[in-house]
Amino acid sequence: MVDVGAVATDAAVVVADLCEAARDGDPVLKRAFAEIHACHPRAVKALFDFAGNPLPEEVEVVNHRVPTPRESAESTPESKPPAWFPVIDYDRCTSCGQCHEFCLFGV
């Protein structure tokens, strides 16, 4: 395994940074999974696609993203969840363009 914090146990594989693992081609993402616990299922599927191991339809991605209190208050059965978009931390940004090249959503 590539050093991205992947830890194998008898029951699970824990990957500290799924984005980094996909970017670096970590072989842990080539394994067969029955269930993945993460956040944003669409992004998880895109990361596996990016890593060259598209997830089969039967793999369940369990979303552990907890909505903020505002999102919960604004959500109603007939409303759509708020749109997600990236936020640039300009105090840390060096304008290298790496995030643009890596972004799975073409932002």
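Biologist: How many aromatic pairs does a search of the whole structure find?

Modeller: This is a predicted model, in which local features need pLDDT of at least 70 and side-chain atom pairs count only at pLDDT 80 or more, while totals for chains, interfaces and linings use all residues. Residues are numbered from 1 along each chain as its sequence is written, and side-chain values use heavy atoms, with hydrogens and water left out. Rings of Phe, Tyr and Trp (its six-membered ring) pair if their centres lie within 6.5 Å, planes under 30 degrees apart counting as stacked, over 60 as edge-to-face and the rest as tilted. By that criterion, the search of the whole structure finds one aromatic pair.

Biologist: Which residues of α2 are buried, and where do they lie around the helix axis?

Modeller: The buried residues of α2 are Ala43, Val44, Leu47 and Phe48. Seen down the axis of α2, they fall within an arc of 140° (taken over the directions from the helix axis to the C-beta atoms), so they line one face of the helix. What covers these residues, by contact (heavy atoms within 4.5 Å), includes α1, β3, β4 (60–63) and α4 (98–102). The answer is thus Ala43, Val44, Leu47 and Phe48, on one face of α2.

Biologist: Which residues of the largest nonpolar core touch the most other members?

Modeller: A nonpolar core is a set of buried Ala, Val, Leu, Ile, Met, Phe, Trp, Tyr and Cys residues joined through side-chain atoms within 4.5 Å. The largest one has 13 residues, and α1 and α2 each supply at least two residues of this core. Leucine 55, leaving aside its neighbours within four places in sequence, is in contact with Ile36, Val44, Lys45, Phe48, Asp49 and Val61. The members that touch the most others are Leu18, Leu29, Ile36, Val44, Phe48 and Leu55.

Biologist: Which residue forms a salt bridge with arginine 23?

Modeller: A salt bridge is a side-chain nitrogen of Lys or Arg within 4 Å of a carboxyl oxygen of Asp or Glu, and the count comes to one. Arginine 23 is partly exposed at 42% relative accessibility, and aspartate 24 is partly exposed at 35%. With the closest N and O atoms 2.9 Å apart, the partner of arginine 23 is aspartate 24.

Biologist: How many disulfides are counted?

Modeller: A disulfide is a pair of cysteine sulfur atoms within 2.5 Å. Cysteine 19 is partly exposed, with a relative accessible area of 36%, and cysteine 93 is partly exposed at 38%. The count of disulfides comes to zero.

Note on methods: Buried < 20%, exposed > 50% of the residue type's maximum accessible area, 1.4 Å probe, protein only. Helix = DSSP H or I, 4+ residues; strand = E, 2+ residues; numbered from the N terminus.
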